[in-house]
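Subject: Handing over the structure

Dear colleague,

I am passing on the structure that we spoke about, and below it you will find what turned up when I went through it. Please read the notes with the structure open beside them.

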Amino acid sequence: MAYEGCRRVVCTSFKMGLVKKMDSLSTVICIFLLLGISTVSLVHADITDGNSEHLKREHSLMKPYQGVGTSSSSQWDFWGSTLVTSQYVRLTPDERSKQGSIWNTVPCFLKDWEMHVQFKVHGSGKKNLHGDGIAIWYTRERLHPGPVFGNQDHFVGLAIFVDTFRNDLHGMDVNTYPNDEASDRSFPYISAMVNNGSLPYDHSKDGRSTELGGCSAEIRNKDHDTYLAIRYSKGRLTVMIDVDDKNEWKECIDIGGVRLPIGYYFGASAATGDLSDNHDIISMKMYQLMVEHTPEEDSLDWTKIEPSVSLLKSPKDNIDDPTGNFRSTPLTGWKVFLLLLCALLGIVVCAVVGAVVFQKRQERNKRFY
Ligand SMILES: [Ca+2]
């Protein structure tokens, strides 16, 4: 490959201090090529393309939902108001006080994974008169109904909430409460929470105090498909959304220092209260990420890990970055320019140093003639 060839040429040249001897133009072209390819692969390595990675059918829920049911051989179990048709899994209908969930019966022993969820939230409720939302789970227990979007409180594991109703009305009006931190996010709001069982989810504050990160997203009553992706790999939790019918992922949450064990269960749940919506899951597709771990990491008992987060950002830091710091967004022109400029400067410095060393050596050699 040109990329490999270039990499070898450039690396070897630097190693041997022969930069001076190389055709400088080809070096520059090679560097530019390298940079371009690295940038492209960085951007595209962000999300599973569904081909190079491995779909795990035993953890995936797909049309026409075979293997969903209450029999002992089924891979997905459901509860409450959940209705399974050939086209969707409806966790709740657009009716008040409903709760439903669907759970993978097979515990997941993958260390690095990515879950793609296609969902649809729709109903007759007008602006702000709909609720409550969907939660996607990776938890120790399964099928434990409760008050957190149809699942138990004090759960152990990871939750991603798609909260469509603002319960914390105190901070609703930005003009009335300009300094209220609750006013800085609009609903629907997607957030993540990791729990070792000790934390309650505070519905009245929309989980604000336990939220690790989040983003606002218009996801209701869309004619197009809406998706979210949850990636967990090497202690990093990333949530991306594709809800604008642009067929591209936008970063919503990206936090490091997250520790989750293997052997937990994936599930989805939803609830309605005084207000309602249809909460549908179209598919949940689980991909194994091929990631190498150190021997130390591999020697650990990953089933014993307690869910935790060490690198907590303050909630204030979780506000959508107005500069659009999304990894999946292609680099803007000036960023590319800056990158290339830095690379070029680096090359010039290396070349000068190399040349000086080379000349010094030549001179020293001459003395012995
Ligand atoms: Ca809420």
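A charge is said to sit over a ring if the NZ atom of Lys or the CZ atom of Arg is within 6 Å of the ring centre and within 35 degrees of the ring normal. With that in mind, you can look up Arg 142, which lies over the face of Tyr 265 at 5.5 Å from the ring centre, and then Arg 185, which lies over the face of Tyr 189 at 4.5 Å from the ring centre.

Before going further, please keep in mind that this is a predicted model. The mean pLDDT of the protein is 81, and 73% of its residues reach 70 or more. Over residues 1-30 the pLDDT stays under 50, and the model has 22 contacts beyond four places in sequence for this stretch. Residues 314-331 also have a pLDDT below 50, with 30 contacts in the model beyond near neighbours in sequence. Where pLDDT is low, the predicted coordinates should not be read in detail.

Which residues have the most contacts inside the largest nonpolar core? They are Trp 113, Phe 119 and Ile 281, in a core that has 48 residues. Strand S6, which covers residues 113-122, supplies the largest share of this core, namely five residues. If you select Ile 281 and leave out residues up to four places away in sequence, you will find that Ile 281 touches a set of residues including Leu 61, Tyr 88, Val 117, Phe 119, Ile 134 and Ala 268. There is also a second, separate core of 11 residues, which includes Phe 149, Phe 155, Tyr 201 and Tyr 265. In soluble globular proteins, nonpolar side chains tend to be buried together.

The aromatic rings deserve a look of their own, and the count comes to 11 aromatic pairs. A pair of aromatic rings is described by the distance of the centres and the angle of the planes. For Tyr 138 and Tyr 264 the ring centres are 5.4 Å apart and the planes stand at 40°, so this pair is tilted. Because Tyr 138 lies in strand S7 (residues 133-139) and Tyr 264 in the loop between strand S14 (258-259) and strand S15 (265-271), the pair ties together parts that are 126 residues apart in sequence. Tyr 138 and Tyr 264 are both buried, and they belong to one aromatic cluster together with Trp 113, Tyr 232 and Phe 266.

Another pair is formed by Phe 161 and Tyr 201, whose ring centres are 4.7 Å apart with planes at 50°, so that this pair is tilted. Phe 161 is in strand S8 (residues 156-163), while Tyr 201 is in the loop between strand S9 (189-196) and strand S10 (213-216), and the pair thus links distant parts of the chain, 40 residues apart. Phe 161 counts as buried at 1% relative accessibility, and Tyr 201 counts as buried at 7%.

Phe 165 has a relative accessible area of 18% and is buried, because the cut-off for buried is under 20%, and Asp 206 counts as buried at 3%.

Finally, some details of the backbone. Most residues other than glycine have a negative phi, and most peptide bonds are trans. The peptide bond from Lys 63 to Pro 64 is cis, with omega near 0°, and Pro 64 lies in the loop between strand S1 (54-55) and strand S2 (76-80). The peptide bond from Gly 131 to Asp 132 is cis as well, with omega near -5°, and Asp 132 lies in the loop between S6 and S7. Leu 143 has a positive phi, near 60°, and Phe 149 has a positive phi near 50°.

With kind regards

Note on methods: Residues are numbered from 1 along each chain as its sequence is written. This is a predicted model: local features need pLDDT of at least 70, side-chain atom pairs count only at pLDDT 80 or more; totals for chains, interfaces and linings use all residues. Side-chain values use heavy atoms; hydrogens and water are left out. pLDDT is the predictor's confidence in each residue, from 0 to 100. Contact means heavy atoms within 4.5 Å. A nonpolar core is a set of buried Ala, Val, Leu, Ile, Met, Phe, Trp, Tyr and Cys residues joined through side-chain atoms within 4.5 Å. Buried means under 20% relative accessible area, exposed over 50%, partly exposed in between (1.4 Å probe, protein chains only). Helices (H or I, at least four residues) and strands (E, at least two) are DSSP runs, numbered from the N terminus. Rings of Phe, Tyr and Trp (its six-membered ring) pair if their centres lie within 6.5 Å; planes under 30 degrees apart count as stacked, over 60 as edge-to-face and the rest as tilted.
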